[in-house]
Amino acid sequence: MAIHIGRRDFITLLGGTAVAWPLMARAQQGDRMRRIGVLSGFPADDPEVIARIAAFRQAMQERGWSEGRNLQIDYRWAGADAARIKSYAAELVGAPPDLILAITSPSVAALRQATNTIPIVFVAIGDPVGQGFVASLARPGGNITGFLSFEYSLSAKWLELLKEIAPAVTVVGVLRDPAIPSGPGQWGAIQSVAPSFGVELRPINVDDASEIERAMTAFARGAKGGIIVTASSLTMRHRSPIIALAARQKLPAVYFQRVFVTGGGLASYGADTFDAHRRAAGYVHRILKGENPAELPVQAPTKYELVINLKTAKALGLEVPPTLLARADEVIE
């Protein structure tokens with residue numbers, strides 16, 4: 001079917017197209033694809049980590065970033081393999097992306113060695129100043145900024161919680177990874193309050209999964225023992241055997257994150273990690289829009305969760321004080 005357009009109509013149509021074309025071009029330019037990398041020190045099949053990344057992606061979407069339209073995310077899941085973390089860091093930097101989201105301290109360390117120009121936003125790590133990632137919390141000063149997983153003073157509250165829920169405990173084993181810089185800081189904070197609770201502390205140093213069972217079994221041979229599981233990627237990766245060992249050895253245990261308690265642990269007090277990932281999306285958005293990571297302060301957690309598993313308490317023969325239950329953010333029955 002032939003379509004006839006008069007000369008005046010054609011000129012009008014052409015003029016309208018000429019006006020519309022710059023607007024369309026500007027819209028397309030505004031929606032240009034931005035590329036970010038994600039380097040994680042956890043395995044790709046960890047459901048907790050996958051859920052946290054989903055929270056980050058949702059927060060990015062709420063800020064107008066749509067994967068496939070104006071955002072591409074390249075993931076690298078290194079697990080605990082140091083060589084793989086280093087290799088993936090170099091791979092991501094070589095792409096290169098507009099920004100990299102780093103999860104776990106080894107990821108940040110590897111990326112810091114690979115680049116001092118590509119912006120890096122870390123999420124849920126401890127003591128970035130002590131690890132040399134940033135100059136200060138208020139003014140990071142380089143290409144790295146992000147969100148803390150905890151402050152050292154929080155560690156003292158783990159002992160307070162353990163004694164409140166299991167007052168008969170007189171010896172406390174502190175499960176920690178001595179290889180990470182934040183290990184001594186957490187130990188020191190717990191040690192500073194131990195005399196006021198009348199407990200003896202014993203460090204349980206582990207640097208791989210094979211040592212966890214041996215060390216916890218040896219500790220359990222003593223009387224009136226309890227466990228504090230401090231924050232590290234190692235304890236996070238091996239949370240299932242740690243929870244199972246605590247149950248088998250009848251050890252009251254306090255953990256640094258909620259996921260341990262939903263997995264069968266006794267109690268936890270720590271930062272809301274999903275909130276940290278959502279807040280990290282805010283920094284990623286701001287940097288992609290032109291802000292300088294050197295001027296974005298490292299932020300401490302703003303939401304903390306006290307979680308108690310009553311089923312586990314009952315199995316251990318513990319009566320959780322009503323005052324503690326009233327303060328809990330979540331009680332698992």
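On a 1 Å grid over the protein atoms alone, a pocket is an open set of points with protein on both sides within 12 Å along at least five of seven lines, and lining residues have an atom within 4 Å of a point. The structure is a predicted model, in which local features need pLDDT of at least 70 and side-chain atom pairs count only at pLDDT 80 or more, while totals for chains, interfaces and linings use all residues. Residues are numbered from 1 along each chain as its sequence is written, and side-chain values use heavy atoms, without hydrogens and water.

The largest pocket holds about 830 Å³ of space. Volume here is the space filled by probe spheres set on the grid points, which are joined across faces, edges and corners. The lining comprises 44 residues. Thr104, Ser105, Pro106, Ile180 and Ser233 lie nearest the centre of this pocket. Helix α4 (105-114) gives the most to the lining, with six residues. Helices (H or I, at least four residues) and strands (E, at least two) are DSSP runs, numbered from the N terminus. By class, the lining has 23 nonpolar, 15 polar and six charged residues. Ala, Val, Leu, Ile, Met, Phe, Trp, Tyr, Cys and Pro count as nonpolar, Asp, Glu, Lys and Arg as charged, and the others, Gly among them, as polar.

The second largest pocket holds about 220 Å³. Its 16 lining residues include Val169, Lys224, Gly225, Lys250 and Pro252, which lie nearest its centre. This lining divides into 11 nonpolar, three polar and two charged residues.

Cavities were also searched for. A cavity is a set of grid points where a 1.4 Å probe fits but cannot get out. Two cavities of 30 Å³ or more are found in the whole structure. Helix α9 contributes the most, with three residues.

Helices α5 (residues 153-165) and α6 (residues 182-197) pack at about 40°, with axes 7 Å apart. Axes are lines fitted to C-alpha atoms, for helices over the stretch in contact, and angles run from 0 to 180 degrees between N-to-C directions. The angle makes α5 oblique to α6; angles under 35 degrees count as roughly parallel, over 145 as roughly antiparallel, 65 to 115 as roughly perpendicular and the rest as oblique.
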